[in-house]
Amino acid sequence: MARSSKRRKQLRESATKAAPARRSPGMTWTPALRALWDALAPGRRYMGSGGLALVVGTMLLYGLGGMVYGQLTVFMFEGFEDLPGWVAVGGTASAWCLAAAWSSYLAGRHWPAMASERCQRWRLRAYAATAVLAGITLLLWLLSAPGMWGALGAWPGLAPQSEWLLAPLPWAWEWVLPLARDDLPPWWTGTAVVVGGLSAWFFFVGHRPRAGLACMGLALMFVGMWALGGAVYHYVAGRGLAGVLEEVAALNLQSHPGQRNADTFLWLLMAWFLLALGALLMAWASHIPSAALQRSQQDLPR
């Protein structure tokens with residue numbers, strides 16, 4: 001009996017050594033993603049990482065504006081809504097958690113040591129925290145409605161009168177003010193539509209991806225210039241600069257400086273995002289290797 005038990009134990013040990021180690025889904029999924037990423041052309045990797053980094057940076061600044069000015073503008077059921085006071089804190093935390101989750105993809109792409117099962121667990125936790133905080137923010141927004149718990153919207157922010165997030169408008173508004181002329185927005189939007197249509201033609205008909213990317217970037221920059229004009233107008237209208245003064249805007253700036261500065265910052269942030277994204281596309285069009293362009297052109301429908 002002792003010899004038989006010893007024999008069975010030896011067989012189990014040998015079977016355990018011969019059997020392949022089972023890997024968790026995270027251990028097999030990461031190398032697959034890494035292989036797909038390495039198979040991409042350098043231009044596509046540059047575009048993907050640059051665009052994702054731009055989105056993450058914009059979300060971090062977006063949340064920072066909510067903390068500084070005590071107001072966050074988000075898209076709700078009936079359009080854009082302002083989250084005031086402590087409600088903006090919950091929205092900021094949710095946005096920052098989402099930015100942290102997306103930044104983990106950048107770490108996994110460019111730092112192989114970060115592309116591990118541990119990194120994936122942190123990413124899932126960041127997504128879960130984003131969802132939980134978004135639900136809490138929605139609940140606080142409903143409770144802060146007039147007639148309910150209005151104290152939730154009373155927090156003014158960390159520095160509602162500060163203007164450092166509005167840079168460079170405080171010292172460069174004179175040079176940017178011509179963009180706020182009333183006759184320019186139709187030209188900005190009309191030109192952006194025309195150039196965007198030309199970009200689509202280059203992509204799907206002319207099969208010239210370099211020109212299509214350049215036109216797409218140019219169209220985004222035109223829209224960004226329109227948003228920059230809106231930002232400088234919001235800035236000068238509440239302060240009576242250059243003879244431009246709106247009484248409602250001036251009163252709002254005096255009584256609720258965080259709300260007025262948050263609106264101006266949202267315009268400015270949208271302008272910087274569109275201008276940077278357009279510049280990124282144009283840079284990609286000018287520096288992408290010819291071989292990558294040929295592969296991209298083969299992927300387009302003919």
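Trainee: How many cavities of 30 Å³ or more does the structure hold, and what makes a space a cavity?

Mentor: This predicted model holds one cavity of 30 Å³ or more. A space is called a cavity because a 1.4 Å probe fits there but cannot get out, whereas a pocket is an open set of points. About 70 Å³ of space lies in the largest cavity.

Trainee: Which residues line the largest cavity?

Mentor: Its lining is made by Tyr-62, Gly-65, Gly-66, Gln-71, Leu-72, Thr-73, Ala-262, Phe-265, Leu-266 and Leu-269. Two or more of the lining residues come from each of α3, β1 and α10, and α10, with four residues, gives the largest share.

Trainee: How is the lining of the largest cavity divided by class?

Mentor: Six of the lining residues are nonpolar, four are polar and none is charged. Glycine counts as polar here, so Gly-65 and Gly-66 of the lining belong to the polar class.

Trainee: What makes you say that β1 is mostly covered?

Mentor: Five of the six residues of β1 are buried, and a residue is called buried because its relative accessible area is under 20%.

Trainee: How much space lies in the largest pocket, and which of its lining residues lie nearest the centre?

Mentor: The largest pocket holds about 600 Å³ of space. Its lining has 22 residues, and those nearest the centre are Met-59, Tyr-62, Thr-73, Val-74 and Ala-95. The elements giving two or more residues to this lining are α3 (42-69), β1 (71-76), β2 (79-84), α4 (85-110), α5 (117-143) and α10 (257-287). By class, the pocket lining has 16 nonpolar residues, six polar and no charged.

Trainee: Why is Ser-162 called buried?

Mentor: The relative accessible area of Ser-162 is 16%, and buried means under 20%, so Ser-162 is counted as buried. Ser-162 lies in the loop between α5 and α6 (169-176), where its side chain makes a polar contact of 3.5 Å with the side chain of Trp-164. Once neighbours within four places in sequence are left aside, Ser-162 is in contact with Val-68, Tyr-69 and Asn-261.

Trainee: Is Ser-104 buried or exposed, and why?

Mentor: Ser-104, which has its place in helix α4, has a relative accessibility of 9%. The limit for buried is under 20%, and therefore Ser-104 counts as buried. The side chain of Ser-104 reaches the backbone oxygen of Ala-101 at 2.4 Å. If residues up to four places away in sequence are not counted, Ser-104 touches Cys-119 and Arg-123.

Trainee: What makes Gly-48 partly exposed?

Mentor: Gly-48, found in helix α3, has a relative accessibility of 28%. Buried is under 20% and exposed is over 50%, with partly exposed in between, so a residue at 28%, as Gly-48 is, counts as partly exposed.

Trainee: How far is the C-alpha atom of Gly-48 from that of Leu-106?

Mentor: Although Gly-48 and Leu-106 are 58 residues apart along the chain, their C-alpha atoms are separated by 9.3 Å.

Methods:
Residues numbered from 1 in each chain as written. Predicted model: local features only at pLDDT ≥ 70, side-chain atom pairs only at ≥ 80, totals over all residues. Heavy atoms only, no water. 1 Å grid on protein atoms, 1.4 Å probe; cavity = no way out; pocket = protein on both sides within 12 Å on 5 of 7 lines; lining within 4 Å. Points joined across faces, edges and corners; volume = space filled by probe spheres on them. Buried < 20%, exposed > 50% of the residue type's maximum accessible area, 1.4 Å probe, protein only. Polar contact = N/O pair within 3.5 Å; in protein donor to acceptor, adjacent residues only side chain to side chain. Contact = heavy atoms within 4.5 Å.
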